[in-house]
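Please read them with the coordinates open.

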Amino acid sequence: MTERITKSMAKNIYYGGGTFALLIFIALTFDTVHQIPKRSNQQNMTESVVAGKKLWEKNDCVGCHTIVGEGAYYAPELMNVFQRRGASDETTFKAYMQGWMAAQPLSTPNRRKMPQFHLTPAEVDNLSDFLIWTSKVNANDWPPTIEG
Amino acid sequence: MKYTSQAVAKPYFIFALILLAGEILFGLLMGIQYIWGDFLFPLIPFNVLRMVHTNLLIVLLLFGFMGATYYLVPEETESELWSPKLAMITFWIFVVAGVLTILGYLFVPYATLTELTFNNLLPTMGREFLEQPLPTKVGIVLVVLSYLLNVSMTVLKGRKTVITTVLLTGLLGLAVFFLFAFYVPDNLIMDKFFWWFTVHLWVEATWELILGAILAFVLIKVTGVDREHIDKWLYLIIAMTMVSGILGTGHHFFYMGAPEYWLWIGSISSAVEPLPFLLMILFAFTMARDRKIKHDNEMALTWAKGTAVMGFLGAGVWGFFHTLAPVNMYTHGTQLTAAHGHLSFYGAYVMIIFTMISYAMPILRGRPHGNCAKAQKVELVSFWMLNIGMLGLTLALSAAGIVQIMDQRVGTHLIGFMESQESINGIYMVRAAFGVLVFTGLLTYFYSFFVKEPAKA
């Protein structure tokens, strides 16, 4: 098959095809950037949500957990933890989070351990707000089940 | 060695191999912590082990690419390197920055590290694979710029070949797409969208150009096949890479908040992504069949063929398993992703470094005909240990992923993440055992460097 393709043909496919793909990619990038604020409800991104994201990064939570399916696979997915542990109720979830974060690390022998991060109650609330906001992102009906 | 400046490649290769040993060692520690959660806790929590594991991989590949470039560019351009001195200065800066970063991860709590390294000025930390403190990220940019300058200047003053052009394009892409590591919007979804510009467009586009160029170089050297012929194959491979890989980024945008059209675009484009790797197999084996010379360094060709096969399996086959949107709905964020990640990074990128080192190191050590037969035999044993180990580890992770999906995502009787993981514990033991095989394989590979050459008759 390759005998019929010459070097210059291959070269043209590379430059032509590559440029074409790149142009489509750039065009779609602009459209996606335009759509993400609506799909993620950016208007609900309060200061507390942003502070929560910063805490998420500062403590490298993604080094063990996944969020929106991305991260490490050592600990549970957190995009829908609001539904799973808070039954989609903000007060319930925030109370749960305060208790949970304070109880770490759990003493169960050989269970995977979450470190104690020494967050203040206000910081834990920021984290909860961030997770609540994330749970409402339109991710094309992912995760498929509540277990994430 | 035709040009004295090629010698700068040697420390790069050696350091890349040392980092690889560290990377695998930390992988083993993680594998054990997966089974016994109390292992090393709270001394080194999982996220720290993982950071060290993945960052060592990225840095070792950069060292390997740089070493490979410094070796091949003088031969391709038929001129000495523009500045061997700059290459050595860059080497030491990168070594110091790399070692300090790893020590920082290990000995400073991450939150404290963010404060110590001015993360509040420009927050970039705490994102997968891009955990590096700001000074390290800036350091990487400087190192890559100096490297690009050195290579570009050498290419400009010398002979221009398809290999150097492709290599330079790849390196330029590597530099440009890393800049997205500095862009961290407050909106998590926007953040993730652009995060992939670095992560995906490195490994599934620009790095493939670098891979193709190195593979083509080694094949020319060990098979003696006509350059025109090799060039055509190289163009064909990277053409397929660009056509599929760029829009293939879409397979990461299915379920993370990006619009629906990515479901189609990502699925279709990435279904083509195995093609360049399939071509690489045809390339390596056709060139080996049509070879004009029989190089005494047989291991170099073995690694080259191995790279093509394992790259195809890891990146092509394991990627394809979960790249169609309806399948990815269930596999997204499971151990299947980890399985694919392990075999593709190993098969495509770690192995091309082995290929280059296997070809260049003997020459750099004054053995133009390759290592002696006994050393090559030891190297061959390590080749199989590494490959079988990685394949076994990947199969174990795939099995873990499938169980995880059945437990958490399919049917009506679902169980939670932690419970499901406990049920997978046996599989994780198998994974760790294959990890030990990989590590032993690497030690065997190291040993092959110390096999004594027979005295010249």
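1. In this predicted model, 58 residues of chain A are in contact with 59 residues of chain B, where contact requires that the C-beta atoms of two residues, placed from the backbone, lie within 7 Å. On the side of chain A that touches chain B, helix H1 (7-39), helix H2 (47-58) and strand E2 (70-71) of chain A each supply at least two residues; helices (H or I, at least four residues) and strands (E, at least two) are DSSP runs, numbered from the N terminus. H1(A) gives the most to that side, with 15 residues. By residue class, that side of chain A divides into 26 nonpolar, 18 polar and 14 charged, with Ala, Val, Leu, Ile, Met, Phe, Trp, Tyr, Cys and Pro counted as nonpolar, Asp, Glu, Lys and Arg as charged, and the others, Gly among them, as polar.

2. On conventions, residues are numbered from 1 along each chain as its sequence is written, and chains are lettered from A and ligands numbered from 1 in the order in which they are written. Because the model is predicted, local features need pLDDT of at least 70 and side-chain atom pairs count only at pLDDT 80 or more, while totals for chains, interfaces and linings use all residues.

3. As for confidence, the model scores ipTM 0.97 and pTM 0.97. The mean pLDDT of chain B is 97, and 100% of its residues reach 70 or more, pLDDT being the predictor's confidence in each residue, from 0 to 100.

4. Chain A is assigned domain 1 (1-39) and domain 2 (45-148), with bounds that come from an automatic or database domain assignment. The centres of domain 1 of chain A and domain 2 of chain A, taken over C-alpha atoms, are separated by 38 Å.

5. Among the buried residues of H2(A) are A:Val49, A:Gly52 and A:Trp56, a residue being buried if 20 or more other C-beta atoms lie within 10 Å of its own, exposed if 12 or fewer, and partly exposed in between, with C-beta atoms placed from the backbone. Their cover includes helix H5 (121-135) of chain A together with helix H4 (110-116) and helix H7 (188-223) of chain B.

6. Just after H2(A), A:Asp60 takes a positive phi of about 50 degrees. Which residues does B:Tyr110 contact, leaving aside its neighbours within four places in sequence? They are A:Asn59 and A:Asp60. B:Tyr110 is found in helix H4 of chain B and is buried, with 24 other C-beta atoms within 10 Å.

7. Chain B comes to 16 helices and 0 strands. Its radius of gyration is 22 Å, close to the 23 Å that the globule rule gives for 457 residues, so chain B is as compact as a globular protein of that length; the radius is taken over C-alpha atoms, and the rule is 2.2 Å times the number of residues to the power 0.38. Buried residues make up 59% of the 457 residues in chain B.

8. In helix H8 (residues 227-248) of chain B, 19 of the 22 residues are buried, so H8(B) is largely enclosed by the rest of the structure. The buried residues of H16(B), including B:Phe434 and B:Leu442, pack against helix H1 (9-35) and helix H14 (373-409) of chain B.
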